[in-house]
Amino acid sequence: MNWEGGWELKTQNSESRIALIAVKALGRIARRPFLRYNRAPAARWSIPESEGMMAEERIQKIIARSGLCSRRDADRMVSEGRVTVDGRLATPGEKVDPGAAHIKVDGRQIKAPESLRYLLLYKPREVMTTCDDPEERKTVLDLVRPAIRERVYPVGRLDYHSEGLLLLTNDGDLAARVAHPRFGVVREYLVKIRGDLSSSDYRKLMAGTSVDGRHVAPRRAQRETKSRGGALTWWRVEVTEGRTHEVRELFFKAGHPVQRLRRTAIGPLRDDSLKPGDFRTITEGELQALQRETEKSKRPRKTKKPPGG
């Protein structure tokens with residue numbers, strides 16, 4: 001190989017190497033933007049599938065909140081095959097999105113769920129604690145209509161001859177927790193009796209009695225006032241069961257039938273300024289306190305271990 005030929009070959013090899021280096025460099029430069037774009041997390045640009053969707057609720061709760069009927073009646077309608085969701089038969093306990101599902105009862109579209117209302121009412125005596133009465137007596141709903149347009153209903157019972165505070169709402173979950181005995185929400189009553197309880201009578205009162213096949217007893221009982229001569233006495237009593245006629249049965253067992261009965265508190269709800277027939281919306285603070293009370297009461301009760309266990 002001569003000098004010129006060697007130079008020509010070396011030059012060609014050098015040019016080839018330079019060209020190869022240039023191609024590799026250009027490749028790296030070209031790939032950089034693509035790699036940087038891919039490193040961005042996909043979630044940064046994606047929209048969650050749940051965005052804009054309402055939380056799912058049980059079908060009977062949605063129907064009840066529409067104002068059509070109670071939750072119990074709605075549950076029965078679902079079981080009877082009278083409810084459809086998006087053209088198919090609904091199943092008991094099914095959860096759907098109330099903002100997206102087309103719900104029909106007996107072929108008719110239900111109304112949008114009502115806003116939740118929470119009312120504290122002073123129920124007068126001789127008013128029924130129910131939504132309607134076959135004997136056409138005045139009910140607690142007659143006292144709040146037409147001022148309240150939502151379909152609220154009374155929580156728990158306060159018998160015909162009793163008076164005092166009553167919660168009305170269309171929030172089925174809260175109503176169930178407040179009304180059911182196992183949640184232990186405290187009800188406070190002022191009770192007027194003839195005469196006064198002796199020590200023996202007091203022990204009978206606190207020992208409790210049977211109501212609807214279940215044993216009930218006061219959580220606390222104390223004398224408030226006593227008339228001159230002791231003809232009449234007012235007692236303040238707390239119970240947690242909330243069963244119908246519970247307080248009347250307790251005092252009857254103690255030998256002192258109730259002459260007058262007034263509920264003064266439901267858990268944290270209390271208002272001594274309300275007069276018979278008056279009602280108001282409970283405050284946000286009262287609602288939160290009531291919710292905390294029911295959540296606290298949901299904890300299972302501790303059971304005593306048997307001897308030797």
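**Spaces, core and backbone of a predicted model**

Helix 7 supplies 3 residues to the lining of the largest cavity, the most of any element. The structure is a predicted model. A search of the whole structure turns up 2 cavities of 30 Å³ or more. This briefing covers those cavities, then the pockets, the nonpolar core, the aromatic rings and some backbone details.

**Cavities**

- The largest cavity holds about 130 Å³ of space. Its lining is made of 15 residues, and those closest to the centre are Arg157, Tyr189, Arg243, His245 and Glu246.
- Two elements each give at least two residues to the lining of the largest cavity: helix 7, which spans 246-253, and strand 15, which spans 258-266.
- Sorted by class, the lining of the largest cavity contains 6 charged, 5 nonpolar and 4 polar residues.
- The second largest cavity has about 50 Å³ of space. Lys61, Ala64, Arg65, Arg71, Tyr153, Asn170 and Gly172 line the second largest cavity.
- Helix 2, residues 59-65, gives the most to the lining of the second largest cavity, with 3 residues. The classes in this lining are 3 charged, 2 polar and 2 nonpolar residues.
- As background, empty space is found by rolling a probe the size of a water molecule over the atoms.

- The volume of the largest pocket is about 990 Å³. Its lining has 28 residues, of which Arg72, Tyr153, Pro154, Gly156 and Ala179 are the closest to the centre.
- Helix 3 (71-79), strand 8 (153-154), helix 5 (172-179) and strand 15 are the elements that give two or more residues to the lining of the largest pocket. Helix 5 gives the most, with 5 residues.
- The lining of the largest pocket has 10 charged, 10 nonpolar and 8 polar residues.
- The second largest pocket contains about 280 Å³ of space. Among its 13 lining residues, Ser66, Leu68, Gln109, Ile110 and Lys111 are the closest to the centre.
- In the second largest pocket, the lining divides into 5 charged, 5 nonpolar and 3 polar residues.

**Nonpolar core**

- Nonpolar side chains tend to be buried together in soluble globular proteins.
- In this model, the largest nonpolar core has 29 residues, and Leu168, Val191 and Phe251 touch the most other members.
- The elements that give two or more residues to this core are the helices 4 (140-144) and 7, together with the strands 7 (118-123), 9 (163-169), 10 (187-194), 14 (232-239) and 15. Helix 4 gives the most to this core, with 4 residues.

**Aromatic rings**

- The count of aromatic pairs is 1.
- Tyr160 has the charged end of Arg137 over its ring, 5.0 Å from the ring centre.

**Backbone details**

- Most peptide bonds are trans, and most residues other than glycine have a negative phi.
- The peptide bond between Arg145 and Pro146 is cis, with omega about 0°. Pro146 is in the loop between helix 4 and strand 8.
- Glu126, which is not a glycine, has a positive phi of about 60°. The loop between strand 7 and helix 4 contains Glu126.
- His245 is not a glycine either, and its phi is positive, near 60°. His245 is found in the loop between strand 14 and helix 7.

Key:
Residues are numbered from 1 along each chain as its sequence is written. This is a predicted model: local features need pLDDT of at least 70, side-chain atom pairs count only at pLDDT 80 or more; totals for chains, interfaces and linings use all residues. Side-chain values use heavy atoms; hydrogens and water are left out. On a 1 Å grid over the protein atoms alone, a cavity is a set of points where a 1.4 Å probe fits but cannot get out, and a pocket is an open set with protein on both sides within 12 Å along at least five of seven lines; lining residues have an atom within 4 Å of a point. Grid points are joined across faces, edges and corners, and a volume is the space filled by probe spheres set on the points. Ala, Val, Leu, Ile, Met, Phe, Trp, Tyr, Cys and Pro count as nonpolar, Asp, Glu, Lys and Arg as charged, and the others, Gly among them, as polar. Rings of Phe, Tyr and Trp (its six-membered ring) pair if their centres lie within 6.5 Å; planes under 30 degrees apart count as stacked, over 60 as edge-to-face and the rest as tilted. A charge sits over a ring if NZ of Lys or CZ of Arg is within 6 Å of the ring centre and within 35 degrees of the ring normal. A nonpolar core is a set of buried Ala, Val, Leu, Ile, Met, Phe, Trp, Tyr and Cys residues joined through side-chain atoms within 4.5 Å. Buried means under 20% relative accessible area, exposed over 50%, partly exposed in between (1.4 Å probe, protein chains only).
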